[in-house]
Amino acid sequence: MTRSIDMFTTKALRRTLFATAVGLFSLPSVASDLDTPTVADTLAELQQRWAEIQYALPQEQQEAALSQLGDDADQWVERYPEAAELHIWAGIVRSSEAGANGGLGALGLVKEAKREFETALELDPLALEGSAYTSLGALYYQVPGWPIGFGDDEKAEWHLQRALAINPEGIDSLYFWGDYLHEQGRDAEARQVLESALLAPPREGRELADSGRRGEIRQLLAELE
């Protein structure tokens with residue numbers, strides 16, 4: 001499925017890279033060798049701040065706020081380079097910043113996000129219930145393909161399916177799979193998946209994130225009518 005640079009800079013990135021990209025993932029226990037209050041608290045803070053920026057901050061202020069949050073995430077990754085969870089969230093923030101940027105500068109940001117997700121998969125593919133698969137899959141179907149970017153629908157489907165195998169009832173794994181199906185013109189399948197996403201169990205401490213994601217799901221369902 002070919003994508004134009006216009007789609008990359010508007011619909012694909014701004015709609016989910018979002019509010020995305022790529023990510024409102026729950027926070028299970030951190031890997032045992034990194035199961036410290038500092039890392040766990042940092043992850044919770046990154047998640048909460050991301051949700052506040054994405055869903056409560058005026059759009060014109062989001063890019064600068066996400067840039068600062070991305071710098072903060074990068075510092076934590078440098079401090080705990082073996083924490084796959086931190087790499088995932090560094091990637092989520094940068095992909096969201098790309099969506100807020102919406103221009104050619106977004107290309108560099110999504111490439112940075114891609115590296116973070118790939119690193120997370122090398123460290124622990126099951127971290128945060130397979131969130132790196134979800135986030136990387138989202139990038140693959142939203143970013144244009146060669147020669148502009150690295151987009152690849154086959155890779156997108158593989159990664160999103162892998163995420164669903166790990167977390168079949170997750171609101172994000174279902175949402176991005178439904179969005180991908182819609183992009184592929186498979187709207188009947190997309191509707192079924194998105195309706196299941198609305199029934200995903202709530203996540204403790206992620207009330208704002210869950211509310212924002214459900215809003216996106218309902219908006220996408222409205223587009224399918």
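## The R94–E112 salt bridge

R94 and E112 form a salt bridge in which the closest N and O atoms are 3.3 Å apart. The two residues are 18 positions apart and link distant parts of the chain, with R94 in helix 4 and E112 in helix 5 (residues 106–123). The model is a predicted one.

The two partners fall into separate accessibility classes. R94 has a relative accessible area of 5% and is therefore buried, the limit for that class being under 20%. E112 has a relative accessible area of 22% and so counts as partly exposed.

## The D71–R94 salt bridge

R94 also takes part in a salt bridge with D71, where the closest N and O atoms are 2.8 Å apart.

## Network and total

The residues D71, D74, R94, E97 and E112 are joined in a network of salt bridges. The structure as a whole contains 13 salt bridges.

R191 and E195 form another salt bridge, with the closest N and O atoms 3.9 Å apart; the cut-off for a salt bridge is 4 Å. Both residues lie in helix 9 (residues 187–198), and because they are 4 residues apart, about one helical turn separates them.

R191 is partly exposed, at a relative accessible area of 27%. E195 is also partly exposed, with a relative accessibility of 41%.

## Packing of helices 2 and 3

Helix 2 spans residues 37–56 and helix 3 spans residues 59–79; the angle between them is about 170 degrees and their axes are 10 Å apart. Angles over 145 degrees count as roughly antiparallel, and helix 2 and helix 3 are therefore roughly antiparallel to each other.

On the helix 2 side, the contact is made by T38, T42, L46, R49, W50, I53 and Q54. Helix 3 contributes Q62, A65, L66, L69, A73 and W76. Sorted by class, the residues in this contact are 8 nonpolar, 4 polar and 1 charged.

Notes:
Residues numbered from 1 in each chain as written. Predicted model: local features only at pLDDT ≥ 70, side-chain atom pairs only at ≥ 80, totals over all residues. Heavy atoms only, no water. Axes fitted to C-alpha atoms, helices over the stretch in contact; angles between N-to-C directions. Parallel < 35°, antiparallel > 145°, perpendicular 65-115°, else oblique. Contact = heavy atoms within 4.5 Å. Nonpolar A, V, L, I, M, F, W, Y, C, P; charged D, E, K, R; others polar. Salt bridge = Lys/Arg side-chain N within 4 Å of Asp/Glu carboxyl O. Buried < 20%, exposed > 50% of the residue type's maximum accessible area, 1.4 Å probe, protein only.
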